[in-house]
Structures are given as C-alpha cells and as structure tokens.
Amino acid sequence: MLGRLAAQRFREIRQAFCQIPQASRSFSTALNYHLDSPDNNPDLPWEFTDANKEKVKEIISHYPSNYKQSAVIPLLDLAQQQHGGWLPVSAMNAVAKIIEVAPIRVYEVATFYSMFNRTKVGKYHLLVCGTTPCMIRGSREIEDALLEHLGVKRNEVTKDGLFSVGEMECMGSCVNAPMITVADYSDGSEGYTYNYYEDVTPKRVVEIVEALRRGEKPPRGTQNPKRINSGPEGGNTTLLSEPKPPPCRDLDAC
C-alpha cells in the first residue's frame, strides 16, 4: 500500500517537473535532473569529430594512464564547444566511455559546475557577473539592458538562436567591475573564444551585442578608454620606475 502511494506521488512530482518551462532549468545551477527530449536523450548518437579526437588524445596524454578520469572537465569543455555551447546526455555518455567510468561520474561533474550548460544556449552566450563588487557597480542594470534589448528572460535563447544571457559568479576581475563575458560558439570548437568585457555600461553592452550580430569582434578587456588594462584612469600614480634591488643579495649580511 505504502509502495503504491509512494510511486503515485513520485509520478505526480515528475509530471510537475515536466511542466517547468525549459528556460527556468537551463543550466547546471538549475535542478540537477535530466528528462529525455527529442534533441537530448541517450539514444541519439554523439561522438567527437576527427579533429577533436586528436585533441582528446592530447588532453588524456597529460594524465597518468590509471588516472585518465581526471580529464573529465577538459573533455566535457571540448564536447560543449563542439556541440554549440551545451552538453546533451549522449555527449556526457561519450566522455564517460572514453575515460572508462560510469556515466553517473560524468553527470556529477556536469551538474556541479555552472560552466557546463545542459540545454541549448545562443551562439553568443553572454554571462553577467553577479558577485558583490559587480552588483555594487551596476551589474543588475547591465543584465536588464541585455534582456530588454534582446527580448528574452535570463537563460532564454533569442528566436534567431544567436544570443542567450545568464549569470556567473565571480569572474575574478573585480577592479574592472562591472563586467560580462562572451562565450563565442559561432565557429564551433575550432573558433571558440571566451572573452571578458570590463568596465561596461548598459549602453556599451548593447553596442557589443550589435557588433557581434554583425559578425564583428569587439575589442576585449576594459571598455573604459581612460584605462589601460586594470590600471587607474589617467595612468599610474605609483610604481613609476623599476624597483631598486637590495644592497646585497645576502640580506643577512647587509
């Protein structure tokens, strides 16, 4: 009796999950489960291209033969690049077969790290840094400008398939906050790039989007013309010369 009630409840929960819009469970930070769909199920064939098979061999060569499972992250990254920015379950199974582990070991990695996308993203996947320094400097306004301009919600893909917008924590360039990164899957794994755009404004991120739409490659890094890399506006005010060496190399003898 209890078994039947539990099974019925499980079916009700699964049916409820099936009704969740795809966009709300787009990335690894969403609920960590998989539901088969026509374009994402284990029966679909998937394998690395011939060129990427050579890259697979090169990646695995970095690890001892009895620790080839340590290559799981770079192999998943390569598979994601090849597959247009996201990982179907059949690609995860292919990686599991290569490194000779149970598929669940690969699923655990793909669902843990937010860099792995388990549903479709745009050819240009825009990620807005949402950590505290960027938030203080206006990252929410940056995200709002992108979503409004593209006419999508977070984690949705534009109708033309070109763009999607997500959030990322933390990009590690807080001195240049706020910032976004653009994962460019438009040319597959051969032309894949992952570029930071720092010191952005709502107006500038829209300009970057339109440049990408035209097939251009906007200059990466700081978007503030008054700065060079992470330096202050107007140039350095300290460390203007080569540091003086100690009077002698044996500091104890000085």
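Which residues are buried in helix 4? I looked this up in a predicted model.

**Entry 1: helix 4.** I found Val-89, Ser-90, Ala-91, Met-92, Ala-94, Val-95, Ala-96 and Ile-99 buried in helix 4. That is eight of the eleven residues in the helix, which spans residues 89-99 and is mostly covered. I then looked for the cover, and it includes helix 3 (72-82) and helix 5 (103-112). Glu-100 follows helix 4 and has a positive phi, near 60°.

**Entry 2: the whole chain.** I read eight helices and five strands in the chain. Along the sequence they follow the pattern α-α-α-α-α-β-α-α-β-β-β-α-β. Of the 254 residues, 39% are buried. I also looked up contacts with a separation of 6 or more, and 61% of them join residues 24 or more positions apart. The chain exposes about 15400 Å², and carbon and sulfur atoms supply 55% of that area.

**Entry 3: backbone angles.** I noted first that most residues other than glycine have a negative phi, and most peptide bonds are trans. I then listed some exceptions.

The peptide bond from Ala-177 to Pro-178 is cis, with omega near -5°. Pro-178 lies in the loop between strand 2 (163-168) and strand 3 (179-184).

Asp-199 has a positive phi, near 55°. I found Asp-199 in the loop between strand 4 (193-198) and helix 8 (202-213). Is Asp-199 buried or exposed? Its relative accessibility is 12%, so Asp-199 counts as buried.

Leu-239 also has a positive phi, near 55°. Leu-239 sits in the segment after strand 5 (221-222). Leu-239 is exposed, at 78% relative accessible area.

Notes. Residues are numbered from 1 along each chain as its sequence is written. This is a predicted model: local features need pLDDT of at least 70, side-chain atom pairs count only at pLDDT 80 or more; totals for chains, interfaces and linings use all residues. Side-chain values use heavy atoms; hydrogens and water are left out. Helices (H or I, at least four residues) and strands (E, at least two) are DSSP runs, numbered from the N terminus. Buried means under 20% relative accessible area, exposed over 50%, partly exposed in between (1.4 Å probe, protein chains only). Contact means heavy atoms within 4.5 Å. Accessible areas come from the Shrake-Rupley method with a 1.4 Å probe; for residues, only the protein chains shown count as cover.
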